Amino acid sequence: MNRHDRAAESTGWLATPDNPNHLWWLHRYGSSSQSPAENYATNVEAPWSILRETQGKPRPQIRQYAARLSTNFQLAALTDHRIVKNLTVGGALRWEDKGSIGYYGVETYPARITRLNPNRPIYDKAHTYADAFVSYRTKLFGNKVSSTFRFNVRNLQEGGRLQPVGAFPNGEIHSYRIVDPRQFILSASFEL
């Protein structure tokens with residue numbers, strides 16, 4: 001056994017059918033690990049190929065359609081009651097279209113996926129959010145200071161959840177963001 005073979009045997013770099021020349025690029029450094037070539041194909045080349053192939057196309061990560069509607073109504077138009085006429089009620093509705101959170105692979109499982117298909121995005125569903133508010137306007141300190149008290153409820157229908165933001169090439173979700181539950185906000189403003 002020559003010196004080169006002994007060094008290869010002591011480091012675990014023995015010739016294998018898939019790497020007969022002991023190339024570091026093809027060598028697996030652990031029993032179940034990827035070789036640098038496989039790691040590059042999965043973690044660098046696949047996402048980079050999506051960037052190249054989607055250049056000049058609309059971006060699916062950006063939701064194509066979104067709408068916002070807000071309104072308020074002053075109750076002084078309905079009554080002369082001294083408390084009710086200073087109230088304003090309103091709300092807002094926000095809607096966003098489906099958005100892409102990844103791409104399916106060109107290959108299908110159980111094969112190893114090394115390329116992503118830019119024509120098959122994985123979508124998150126559309127979302128609708130509702131807000132509401134009540135404000136009360138009055139004068140304090142002998143009618144010298146105008147003040148407004150406002151109570152907002154943001155995301156009326158939300159109880160808190162995880163929303164997918166990333167997916168593996170087989171469609172399985174791998175990343176989420178936290179969507180806050182409804183928020184109650186009380187604010188006051190004063191004008192001298």
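1. Leu-23 sits in the loop that runs between helix H1 (3-11) and helix H2 (36-53). Helices (H or I, at least four residues) and strands (E, at least two) are DSSP runs, numbered from the N terminus.

2. A word on the model before going on. This is a predicted model, in which local features need pLDDT of at least 70 and side-chain atom pairs count only at pLDDT 80 or more, while totals for chains, interfaces and linings use all residues. Residues are numbered from 1 along each chain as its sequence is written, and side-chain values use heavy atoms, with hydrogens and water left out.

3. Leu-23 also belongs to a nonpolar surface patch, together with Trp-24, Trp-25, Leu-26, Tyr-29, Tyr-40 and Val-44. Their accessible area together is about 710 Å². Patches are made of residues with over 30% relative accessible area and no salt bridge; like charges are joined within 9 Å, and nonpolar side chains (Val, Leu, Ile, Met, Phe, Trp, Tyr) within 5 Å. Accessible areas come from the Shrake-Rupley method with a 1.4 Å probe, and for residues only the protein chains shown count as cover.

4. Now the chain as a whole. It has 2 helices and 9 strands, and along the sequence the pattern reads α-α-β-β-β-β-β-β-β-β-β. Of its 192 residues, 25% count as buried. The accessible surface comes to about 13,700 Å², with 56% of it belonging to carbon and sulfur atoms. Among contacts with a separation of 6 or more, 54% come from residues 24 or more positions apart; a contact means heavy atoms within 4.5 Å.

5. Two strands pair if DSSP finds at least two bridges between them.

6. Looking at individual pairings, S1 and S2 are joined in the antiparallel sense over 9 bridges, and Leu-69 has Leu-93 in S2 as its bridge partner. Of the 9 residues of S1, the number buried is 0, so S1 lies largely in the open. Strand S2 (residues 87-96) also pairs with strand S5 (residues 127-140), in the antiparallel sense over 10 bridges. There, His-127 in S5 is the bridge partner of Glu-96.

7. Ser-147 lies in strand S6 (residues 145-154). Is this residue buried or exposed? Ser-147 is buried, with a relative accessible area of 0%. Leaving aside residues up to four places away in sequence, Ser-147 touches Tyr-136, Arg-137, Thr-138, Leu-140, Ser-189 and Phe-190.

8. Most residues other than glycine have a negative phi. Phe-141, in the loop between S5 and S6, has a positive phi of about 55 degrees although it is not a glycine. Asn-155, in the loop between S6 and strand S7 (161-167), has a positive phi of about 60 degrees and is not a glycine either. Phe-141 counts as exposed at 65% relative accessibility, whereas Asn-155 counts as buried at 10%.

9. The structure holds 7 salt bridges, a salt bridge being a side-chain nitrogen of Lys or Arg within 4 Å of a carboxyl oxygen of Asp or Glu. In one of them, Arg-63 meets Asp-124 (3.1 Å, N to O). This pair links distant parts of the chain, 61 residues apart: Arg-63 is in the loop between H2 and S1, and Asp-124 is in strand S4 (residues 116-124). Arg-63 is partly exposed at 21% relative accessibility, while Asp-124 is buried at 5%. Arg-63, Glu-96 and Asp-124 are linked in a network of salt bridges.

10. Another salt bridge joins the side chains of Glu-45 and Arg-52 (2.8 Å, N to O). Glu-45 is partly exposed at 25% relative accessible area, and Arg-52 is partly exposed at 42%.

Methods:
Buried < 20%, exposed > 50% of the residue type's maximum accessible area, 1.4 Å probe, protein only.
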